[in-house]
Amino acid sequence: MSSNSSNFSTSLPSPHRAHRLRRTAAVGAVALGLALAAALTGCAADSRPPAAAGPTVSLNASASASAPAVDSREQLTVDGGTREYLLHRPAAEGGGPRPLLIAFHGRGADAEHLRKQSGLDGAAEARGMLLVYPEALGKAWGAGTAPTGQRPDPDADVRFTEALIAELVRTGRADPHRVYVAGFSNGGSMALRMAAQRPDLVAGAASVSGELPTGAAAVKPTGPVPVLIVYGAEDPVRPLAGLPSPGPAGPGEEPITATMSARASAEAFATAAGAGGPAEEGKPGYDSATWQPGPAGAAVRLLVMHGAGHTWPGSAAAPPAGFGPVSTALDASSTLLDFLSPQRR
């Protein structure tokens, strides 16, 4: 579901609405501008798409790094505008910078919605991980590279994510070598964009029900990043086979961005990583395809959930009407963190 991307509203299930990122160097560069120069990708500067304008960033938090609360709502000023995010810290403080997961919500939803939908808090807590749920502008992410009338600067969310990472690294809360991105639907596409455009910033990415944009808004992987894509075989909102020719958007809404299939999205990352051919395996309740790590050591994996819809596998939250069933074959939150946690840059 993408404002500029591949997915649709998690709160508006109507069919019409549905047919709607070198690592330390990159972090250093971002922080140095702060620091930041330049959302669903990390490569050398000469391989990045041009941004509309260099970001002007100032960073402010409503809760300090030493705040005792496990949860806080914080603010970040990027390009002259204030952005918000929810921060979940492990109960046990200390021990230095922690691995960081940035989790992007779906289109039409918000940070709290993804928090309840995914249950990521508990999975991250068990792994001592810092967890951030950023808020999108207009409840949608610019996960594609083409401007629209509603989103004239398609790179704004990429810069916001970079600034967010830089701030958490600067304040000693996040380990720059263990930064991960994940998301659902439009948020999943945003996570894939960060991985594709910023492989030197992101150590791994996971997308649930989100694919890479194609066509005019195409996002192409530019370097090796471990990627996990989890998808419902019967997704009625953003089909497993992709949406190469989306229908028109509703009045006043951003155009619907075309997407490639979930498998083609995985194959694009496997190719960029120099991975070998996929190993296919049938599991109870889902099919698995794993592209073994190439010279860069970045594995890519696709899990297709039998009978599942546009939903988060293992979620206890009921999906909107028309989004299809929730798979119980696995817990997507634990699965994606098990995949991401060992990855480092």
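Guide: First a term: helices (H or I, at least four residues) and strands (E, at least two) are DSSP runs, numbered from the N terminus. This is a predicted model, in which local features need pLDDT of at least 70, side-chain atom pairs count only at pLDDT 80 or more, and totals for chains, interfaces and linings use all residues. Residues are numbered from 1 along each chain as its sequence is written, and side-chain values use heavy atoms, with hydrogens and water left out.

Visitor: Ok. Where is Lys139?

Guide: Lys139 sits in the loop between strand E5 (130-134) and H5. Its phi is positive, about 60 degrees, although Lys139 is not a glycine.

Visitor: What about Ser209, what is its phi?

Guide: Ser209 has a positive phi near 60 degrees, and it is a residue other than glycine. Ser209 belongs to the loop between strand E7 (204-208) and E8. Ser209 is buried, at a relative accessible area of 0%.

Visitor: Switching to helices. How many residues of H6 are buried?

Guide: 12 of the 12 residues of H6 are buried, so H6 is largely enclosed by the rest of the structure. Among them are Asn186, Met190, Arg193 and Gln197.

Visitor: What do they pack against?

Guide: The buried residues of H6 pack against strand E4 (98-104), H5, E6, E7, E8 and H7. Contact means heavy atoms within 4.5 Å.

Visitor: How do the axes of H5 and H6 cross?

Guide: The axes of helix H5 (residues 156-170) and H6 come within 11 Å and cross at roughly 75 degrees. H5 and H6 are therefore roughly perpendicular to each other. Axes are lines fitted to C-alpha atoms, for helices over the stretch in contact, with angles from 0 to 180 degrees between N-to-C directions. Angles of 65 to 115 degrees count as roughly perpendicular, under 35 as roughly parallel, over 145 as roughly antiparallel and the rest as oblique.

Visitor: Which residues meet there?

Guide: From H5, Asp157, Val158, Thr161 and Glu162 meet Met190, Arg193 and Met194 of H6.

Visitor: Now H7. Which of its residues are buried?

Guide: In H7 the buried residues are Ala262, Ser265, Ala266, Phe269, Ala270 and Ala273. They cover an arc of only 135 degrees around the axis, which puts them on the same side of H7. That arc is taken over the directions from the helix axis to the C-beta atoms.

Visitor: What covers them?

Guide: The cover includes helix H6 (186-197), strand E8 (227-232), strand E10 (286-291) and strand E11 (300-305). After H7 comes Gly274, with a positive phi near 70 degrees.

Visitor: Last one: what does Leu336 touch?

Guide: Leaving aside residues up to four places away in sequence, Leu336 touches Leu120, Ala182, Ala206, Val208, Leu228 and Trp312. Leu336 and Val208 are 128 residues apart in sequence and 9.2 Å apart in space, C-alpha to C-alpha. Leu336 lies in helix H8 (residues 332-340) and is buried, with a relative accessible area of 1%.

Notes
Buried means under 20% relative accessible area, exposed over 50%, partly exposed in between (1.4 Å probe, protein chains only).
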